[in-house]
Number of protein chains: 2
Amino acid sequence: MVDPQAPPPSLTALTTYLLSRTGKTARSRLAGRFAERRLRLWHHAVLAALADFGPHAQRELAVRLAVDPSDMAKILDELAAADRVDRVRDPADRRRVTVTLTEAGRALLAELDAEAAAVQDEVLAPLDGDEREQLNALLAKVFAHLTEPSEAPTAP
Amino acid sequence: MVDPQAPPPSLTALTTYLLSRTGKTARSRLAGRFAERRLRLWHHAVLAALADFGPHAQRELAVRLAVDPSDMAKILDELAAADRVDRVRDPADRRRVTVTLTEAGRALLAELDAEAAAVQDEVLAPLDGDEREQLNALLAKVFAHLTEPSEAPTAP
DNA sequence: CAAATTAGTGGGTGAACACCCATCATGGGT
DNA sequence: ACCCATGATGGGTGTTCACCCACTAATTTG
């Protein structure tokens, strides 16, 4: 009795295929949970960035997260409407808007972090603690390499 | 001098985040290469399934790859137009169409496999042979678990 | 002070994608 | 023979997503 749903072995033999598939389901499971709160993954990313790095000018946030500034404005609209962030004009440069995490925002972030951890537990269920560390270390290496593609020589 | 593009550490600490990001770039890099040939990832998957499992009824192909039958028809239209597959009506059941890989299809598959391997080499560049094996083994475990979610007890 | 630049915003576009439905031909069951 | 189920197909829908342009307000530069 062979599983008729089994994907072709020549694909499952590809690490990048497994990477892509598992990454996609992890992503979509978390997105599904967020959707119940009328939130998307970007909301989480923005809150996390604010918590990690402190207040940001809106444009800096957009650059950091590699989002179009126009899209960032919409994301912040939604977060601000729920009082998760404060947007105040920078008095020194009144074009700029400084975005700050509110207490409610910090609370929401904690909940979203918990959801993310729960999904991670689901996805990584078959791995024990050691294996999870290994996986994380390997992926961190790969990710670091992907985000720093151009390694310019240190200087003439 | 801090990289303003660096994602929040609280995200990069999540294995699922790394999984999702690296998977996404692997996917999109390969999709980009395929696009130069006017192909999409599904074309590769279909060819691989035919090579791995031999001729299929069209519907079985759709079920196996979890694609809507209607979309499968379109994919096969394109492959058949380029003579990569043969579609012949099953004489025993003339509703069915048996899909077979042609020689040209096999040749194309070899090229696409090579592209996939090349992308994989790019993505996994920072890992040595041992690490790649580890990563593949870990992901295979996770993937197997994700594709067999409901483990029903063997009998009442 | 005029001109060019930058920050934020609103609106719109187009590709990719997964889905769903209606239709037609065929086959099986009664 | 008739009715229902099935395989293939064409067409269409809605969503998500990244991206881009135009506009306003504010600042910097020459």
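User: Which way does α3(B) pass α6(B), left-handed or right-handed?
Analyst: The crossing of α3(B) with α6(B) is left-handed. A crossing is left-handed if the near helix is turned anticlockwise from the far one by less than a right angle, and right-handed if clockwise.

User: Quick check first: what kind of model is this, and how is it numbered?
Analyst: This is a predicted model: local features need pLDDT of at least 70, side-chain atom pairs count only at pLDDT 80 or more, and totals for chains, interfaces and linings use all residues. Residues are numbered from 1 along each chain as its sequence is written, while chains are lettered from A and ligands numbered from 1 in the order in which they are written.

User: Back to that helix pair. At what angle do the axes cross?
Analyst: Roughly 120°. The axes of α3 (residues 41-53) and α6 (residues 103-123) of chain B come within 10 Å. Axes are lines fitted to C-alpha atoms, for helices over the stretch in contact, and angles run from 0 to 180 degrees between N-to-C directions.

User: Which residues meet there?
Analyst: From α3(B), H44(B), L47(B), A48(B) and A51(B). They meet G105(B), R106(B), L108(B), L109(B) and L112(B) in α6(B). Two residues are in contact if their C-beta atoms, placed from the backbone, lie within 7 Å.

User: What types are they?
Analyst: Six nonpolar, two polar and one charged. Ala, Val, Leu, Ile, Met, Phe, Trp, Tyr, Cys and Pro count as nonpolar, Asp, Glu, Lys and Arg as charged, and the others, Gly among them, as polar.

User: New topic: chain A. How many helices and strands?
Analyst: Seven helices and three strands. In order from the N terminus: α-α-α-β-α-α-β-β-α-α. Helices (H or I, at least four residues) and strands (E, at least two) are DSSP runs, numbered from the N terminus.

User: What does its C-alpha trace span?
Analyst: About 70 × 55 × 30 Å along the principal axes of chain A.

User: How much of chain A is buried?
Analyst: Of its 156 residues, 35%. Buried means that 20 or more other C-beta atoms, placed from the backbone, lie within 10 Å of the residue's own; exposed means 12 or fewer, and partly exposed is in between.
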